[in-house]
Amino acid sequence: MALNKPVGWAERLLRQAMRSVPIAVDTNPLDVVFEDADFIAVNKPVGFHTAPIHRERRVQKEYLAITVGVPQQQAFTVDAAIDRHPSVDTARRIVTEGKPALTEFEVISANPSFNLQASSTAGELFHERGGTPGSPSRESLQGVALVRCFPKSGRTHQIRLHLAHLGYPLLGDEIYGVTGPWIGRQALHARALQLAHPLTGAGMRYVAPLHGDFVEALQLLGLELPEDK
């Protein structure tokens, strides 16, 4: 099933399905081949490849993110290990002895003059973010950018944390970034998913259109809408 539903919808659907199907006693149980907020591949027909393909790194995922500040490089890569945060249960942190995590980024639109300072609220761990030359300080939240993100691993909070690690956290992120009137959630959109058909091997690509609140945020911030690819 290819879905384009609000975040959390897929998880609720999966739980409902698991309550409806006696998986524990089924000799040919329901198999979740891949799932995230926007896509689920389930069931196990005869001859179906059952190894989770996302664990084999054969799924290419693309996200769009709105960042606080404008990265200095148009294309860049973050290779930084991730582990649990010692004091915030729901959070993660960058730590040398953590699990490997790699994300590629590409800036596709920027508005360096937009000022976020007056209307923003710092997230719980905003003060722990990293920094690079040109990244905004809490005293001067200047600039926004639309960034294409390509996670090469699947760690919890990976994109959010990698951007914060560079000093360009996610807009609307109540943990690592800043919140404000521009968007009422994390400015992160699961844009596209590309994978091979499990039976034929043919390439499949699914592109999810931007939600209305994300489009409105881009317009408010003076960022260009991305081209459909």
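## Terms and model

A residue is buried when its relative accessible area is under 20%, exposed when it is over 50%, and partly exposed in between (1.4 Å probe, protein chains only). This is a predicted model, where local features need pLDDT of at least 70, side-chain atom pairs count only at pLDDT 80 or more, and totals for chains, interfaces and linings use all residues. Residues are numbered from 1 along each chain as its sequence is written, and side-chain values use heavy atoms, leaving out hydrogens and water.

Helices (H or I, at least four residues) and strands (E, at least two) are DSSP runs, numbered from the N terminus.

## His157

His157 lies in the loop between strand S9 (142-151) and helix H2 (158-166). His157 is buried, with a relative accessible area of 18%. Its phi is positive, near 65 degrees. Most residues other than glycine have a negative phi.

## Helix H3

Which residues of helix H3 (residues 212-221) are buried? They are Phe214, Ala217, Leu218 and Leu221. These residues cover an arc of only 100 degrees around the axis, so they sit on the same side of H3. The arc is taken from the directions that run from the helix axis to the C-beta atoms.

The buried residues of H3 pack against strand S3 (60-68), strand S7 (102-115), S9 and strand S11 (188-196). Gln219 and Leu220 are exposed, on the other side of H3. After H3 comes Gly222, with a positive phi near 75 degrees.

## Glu124

Glu124 sits in the loop between strand S8 (121-122) and S9. Leaving aside residues up to four places away in sequence, Glu124 touches Val88, Glu174 and Ile175. Contact means heavy atoms within 4.5 Å.
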